[in-house]
Amino acid sequence: TQSTWEELSQSKQKNDELVSENSKLKKINIELSSHLENAKNRLKNFDSEISTLKTENLTLKNTLQEKIQENELNTKKIEELEGLISIMTSEIDRFNVIRRSMHNTIQELKGNIRVFVRVRPSIENDHYSTPLAISSEMTNDGQQQISIAFDAFSNKSKAPIGGRKLSEFNFNFDRVFGPKIGQKEIFTEISQLVQSVLDGYHVCIFAYGQTGSGK
C-alpha cells in the first residue's frame, strides 16, 4: 500500500542519515584517537622532562648545599685571617714605634747637627791651586780629620818637596767624602735622614759650596 511505501521510504531516509552520521562520527573518532595518541606521547615526553628536571633540581640542591658549606668555611677562614691581620697590624705598628724611636736615638747619638765635606776631584785647567795630597783619619772624638796639602808659595810653607813648597791645612768634620766617592755612597749616608723625615721628624739638609763644586 501507499502508506507502507511511504514508511519504507522514510525508514530508508533515516537509515541513510544514520549511516552518514555514523560515518561522520567514525571520522571524528579517528581524529580524536589520533589526538589522544599524540597527547599520550606528549605526556610521556613531559614525564621524561619532569624526571630530568627533578634530577637536575636535586643535583643543583646538592651543589647549592655544598657551596653553602664551602662559603661558611671560607667565611670562618676570612674571619680568622682578618683577626690575624689585625694582630699583625698591631704588631707592625708597635714595632714601627720602637723602630722610629731607636732610629731617632741613633741619629741623635750621631749628632743633631752634623757637618759633612765632599772633596771634588781635580779638574783640568783649574785656576785654583791643585792639592798634591788629600788624607783623612779618625780623631779621638769620633770625627774625621782631613788634611789637604797644596803647592803654594808663602812664608808659612813647610820644607820644599821636590823643589816645591808645601802648605798643609787640617779640618775636622763628622764625615769626609773623598774625591773618588760616588753619589751612591753619599745617598747611603743621607738616606738615614730621609728615613727620619718619613718617620715624621724635621730634617734640614743644607748644601754649601762654590759653583761647579758638585753640590
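Modeller: I85 has its place in helix α1, which covers residues 2-110; helices here are DSSP runs of H or I with at least four residues, strands are runs of E with at least two, and both are numbered from the N terminus. This is a predicted model, in which local features need pLDDT of at least 70 and side-chain atom pairs count only at pLDDT 80 or more, while totals for chains, interfaces and linings use all residues. Residues are numbered from 1 along each chain as its sequence is written, and side-chain values use heavy atoms, with hydrogens and water left out.

I85 is exposed, with a relative accessible area of 55%, where exposed means over 50%, buried under 20% and partly exposed in between (1.4 Å probe, protein chains only). Together with L81, L84, M88 and I92, I85 makes a nonpolar surface patch of about 490 Å².

By contrast, S196, found in helix α2 (residues 183-198), is buried at a relative accessible area of 4%. Leaving aside residues up to four places away in sequence, S196 touches H103, Q107, Y201 and V203, a contact being heavy atoms within 4.5 Å. The S196 side chain also reaches the side chain of H103 in a polar contact at 3.3 Å.

Around these residues, the protein chain has two helices and five strands, following the order α-β-β-β-β-β-α along the sequence, and buried residues make up 12% of its 215 residues.

Conventions: A polar contact is a pair of N or O atoms within 3.5 Å; within protein, one must be able to donate a hydrogen and the other to accept it, and residues adjacent in sequence count only if both atoms are side-chain atoms. Patches are made of residues with over 30% relative accessible area and no salt bridge: like charges are joined within 9 Å, nonpolar side chains (Val, Leu, Ile, Met, Phe, Trp, Tyr) within 5 Å. Accessible areas come from the Shrake-Rupley method with a 1.4 Å probe; for residues, only the protein chains shown count as cover. A salt bridge is a side-chain nitrogen of Lys or Arg within 4 Å of a carboxyl oxygen of Asp or Glu.
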